[in-house]
Amino acid sequence: MIKNDPFVNATKQLDDACKILKIDQGTRDYLAMPNKIIRVKIPVKMDNGKIRVFTGFRSQHNNDRGPYKGGIRYFNPEGGVEYMEREVMALSAWMTWKCAVVDIPMGGGKGGIYLNAKTEKISDGELERITRRFAFTISEIIGPQKDIPAPDVYTTGREMTQIMDTYEKLHGVTNQPGIITGKPISVGGSLARNVATGLGAAYCVREAAKVVKLKLKGAKVVLQGFGNAATFTGEYLEKMGAKVIAASDSKGSIINPNGIKTNNLLEYKQKKGSVVGYPGSKKISTEELLTTKCDILVPAALENQINAKIANNLKCKIIAEAANGPTLPEADPIIYKKKIIVIPDILANSGGVCISYLEWVQNNMGYYWTFNEVAKKMEDHITRGFRDTYALSKKHQVDMRRAAMVLAVSRVVEAFNQRGLWP
Ligand code: NAD
C-alpha cells in the first residue's frame, strides 16, 4: 500500500471530469491506466570500479493525440522506488491532460531514475554513464515520433544531449534532435525555453485579469518560491504594468508594499543565496506571505502549500499555479466560494511544454524561429487554453481546475473515438 499515492489522486481528478462529461466506465478505465509502464535495471560501473544497479522508469500514459511527451527526473522520493513508480504514472497522466488543455498534438509520458545526484555525490562521469545506459535501455520505446522526453527534477540540457547522442549512435543517424527537448541552443534547443513557464503564467494572468476586470497596471503580485518559474512570471507581469510586493524562497519570505524590482531581487539572491535580507524589505512568515492582501498570488515553489486554513484567509483576486499541485483538494471549494479565480497548474505552467513542443517542431523542420516568433506561438496556445477553460467553467458551473480537466479529457476522448479500437 503506497501512502498518499499520487496515482490515486490523478485518477480521482479524472473521475470528476468523467462524471461531468458522462463518460462510460470502459472509456474511463481506458483513460485511467497508462498505455505502458516499464521499469528497467541500469547497471553502471562507478568510479571506484564497483558495479551499482539503479532503477529507472518510463510511463507512457496516452498517445491518442500524438507522441508521448514528458520529463525524465533523477530523484529519490521519500516513499522509495515503489512510490516513484506510482509518481511517474500519475505525472504521465497529468502530462496527457496538460498537452490537451493547451491543444498541443502530443500525449503524456514521464520517467526517471531513482537517485539523488546531489546528496549522493555522484560524479559527472558516473552520471553520464547512468544517463547513457538508461537511454540505451529505453531506446526502443522512445523516438521523435514515439516518445519525446525532456528535463525534469535534477536533470538539465546536459543529460538531454547525452540521451540524444546515445539514441543517434544506436540508431545510426546523425541528426535526430527531435528525440528530446530542453536541449541547449547549440544542439537544436529553442529560444525562449528558459523563460517559457513564467511567460506562459503571465499570459494566463493577463487573460484572468480581463475576466475579473482587474487592471494590470499597478496590480500587486506575491511570488512564492523565487526560482525559474516565479522570477520570469514576476518579470513579465512587471512588463505588463504589475508590481511585485512580496517573494519567498526556501530560506524565508519578504515583503515591501512599495514594490520590489524582480531584476534587482534576482541579482541580490544570486549574490547572497536568498531573497531574505533584501534592502527595504521586512521578513514575514510563509502563512503571512500567502495571505498578504494582493491582486495576484503566484505559488511557484512546492506542492500542498494552500490548505483549508490558508484558503480561508486568502486576500487575492487571482491565483496562478506556476508550481505543480500547490493547492490541496480541501482548499478548492473554499477558494471557489470566495470567487477567487484559480489558473490551475496544468494550464498556468504549460508554457514549458508548449515551448518543448515548438522546439520539436523546429527540429522536425530543421528551421529555427526567433524568440518573438516562438513566444507568439506559445501565447496563442496558452490564451486559447485559458479562454476554452473559462468558457467550460461557466458552462458547467465548476471551478477552473475541473473545467481544465473537462476540456483536456474531452479532447483526448474525441481523438480516441475517432481512432477507434484496433486490433
Ligand atoms: P527552481 O528550483 O528554479 O525554484 C524553486 C524555488 O522554490 C527556489 O527559489 C527555492 O528556494 C524555492 N523553495 C523551495 N522550498 C520552498 C519553500 N518551502 N517555501 C518557499 N520557497 C521554496 O524551480 P522551478 O523550475 O521554478 O519550479 C518551481 C515549480 O514550478 C515546481 O513545482 C515545478 O514543478 C513547477 N514547474 C516548473 C517548470 C519550469 O519550466 N521551470 C515547468 C512546469 C512546472
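This is a predicted model: local features need pLDDT of at least 70, side-chain atom pairs count only at pLDDT 80 or more; totals for chains, interfaces and linings use all residues.
Residues are numbered from 1 along each chain as its sequence is written, and side-chain values use heavy atoms, leaving out hydrogens and water.

**Overall build**
- You're looking at 15 helices and twelve strands, taken as DSSP runs (H or I of at least four residues for helices, E of at least two for strands) and numbered from the N terminus.
- The C-alpha trace spans about 60 × 55 × 50 Å along its principal axes.
- Of the 423 residues, 58% count as buried (under 20% relative accessible area with a 1.4 Å probe, protein chains only).

**Helices H2 and H15**
- H2 (residues 25-32) packs against H15 (residues 400-419) at about 105°, with the axes 12 Å apart; axes are lines fitted to C-alpha atoms over the stretch in contact, and angles run from 0 to 180 degrees between N-to-C directions.
- That makes the two helices roughly perpendicular (65 to 115 degrees).
- From H2, Thr 27, Tyr 30 and Leu 31 meet Val 409, Val 412, Val 413 and Phe 416 of H15, contact being heavy atoms within 4.5 Å.

**The five-stranded sheet**
- This open sheet runs E1-E2-E4-E3-E5 with mixed pairing, where pairing takes at least two DSSP bridges between two strands.
- Its edges are E1 (36-45) and E5 (147-151), each pairing on one side only.
- E1 pairs with E2 (residues 51-62) in the antiparallel sense over ten bridges, and Lys 36 stands opposite Gln 60 in E2.

Key. Angles under 35 degrees count as roughly parallel, over 145 as roughly antiparallel, 65 to 115 as roughly perpendicular and the rest as oblique. Buried means under 20% relative accessible area, exposed over 50%, partly exposed in between (1.4 Å probe, protein chains only).
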